[in-house]
Amino acid sequence: MKFFVDTADVAEIRSLAELGMVDGVTTNPSLIAKSGRKIAEVIAEICDAVPGPVSAEVTATAFDGMMKEGRYLKAIAPNVAVKVPLTVDGLRACKALTGEGAMVNVTLCFSAAQALLAAKAGATFVSPFVGRLDDIGQDGMELIADIVEIYANYPALTTEVLVASVRHPIHVVQSAKLGADVATVPPAVLRALFHHPLTDKGLAAFLADWAKTGQSIL
Ligand code: G3P
């Protein structure tokens, strides 16, 4: 499973990329706003820092505007994936932009029916938001299971399932168990994946016992 990091914080991206854990980046208008930077500037810097797909979202809601913005974002760097919302105009723009050679990430997906349409529109990625479904008492991972099952029935569909709105490490593990292609993970959750208290405890015990030997390896 590929790990994308869900942030527009370039320092965080660079730090995690050094660990070899970043296969791509996703942003959205809220994450760009949080960065306090111009979208073209921050997306260009992220694309320079990470060779994998970097999602940059249009904010137009009508087809013509989505096409103008999508072409602008795509031109920032070869690894830009244009993000469009899962709406009628968004899927129309998805089909047109992929037809022009762009990578397209169809976002704000909340149903299997929507995911099927995104695949038919030729999306490179579809982003089902598991955390926001959990937030309203629905089962976000059940949606992932449904989408993975449906896509597996049609090998001709090339759209990758990009699990988004990830809230904790269990979402990451469950996504991998279900065979999702990608999970886009906030930096804090990505860092949390490394840690287990028994690892820390066991390492401390090893080092304490080693210290008693009076040896050093070098
Ligand atoms: O960036 C898309 C998605 O990951 C946003 O998640 O945390 O705003 O529900 P969130």
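Let's start at the ligand: one of its oxygen atoms is 2.9 Å from an N or O atom in the side chain of R167, a polar contact in the sense of a pair of N or O atoms within 3.5 Å. The protein covers 83% of the 310 Å² of accessible area that the ligand has on its own, with areas taken from the Shrake-Rupley method and a 1.4 Å probe. This is a predicted model, where local features need pLDDT of at least 70 and side-chain atom pairs count only at pLDDT 80 or more, while totals for chains, interfaces and linings use all residues. Residues are numbered from 1 along each chain as its sequence is written, and side-chain values use heavy atoms, leaving out hydrogens and water.

Now look at the aromatic rings, which pair if their centres lie within 6.5 Å (planes under 30 degrees apart count as stacked, over 60 as edge-to-face, the rest as tilted). There are two such pairs. F4 and F125 form an edge-to-face one, 5.7 Å centre to centre with 80° between the planes.

Terms used:
A polar contact is a pair of N or O atoms within 3.5 Å; within protein, one must be able to donate a hydrogen and the other to accept it, and residues adjacent in sequence count only if both atoms are side-chain atoms. Rings of Phe, Tyr and Trp (its six-membered ring) pair if their centres lie within 6.5 Å; planes under 30 degrees apart count as stacked, over 60 as edge-to-face and the rest as tilted.
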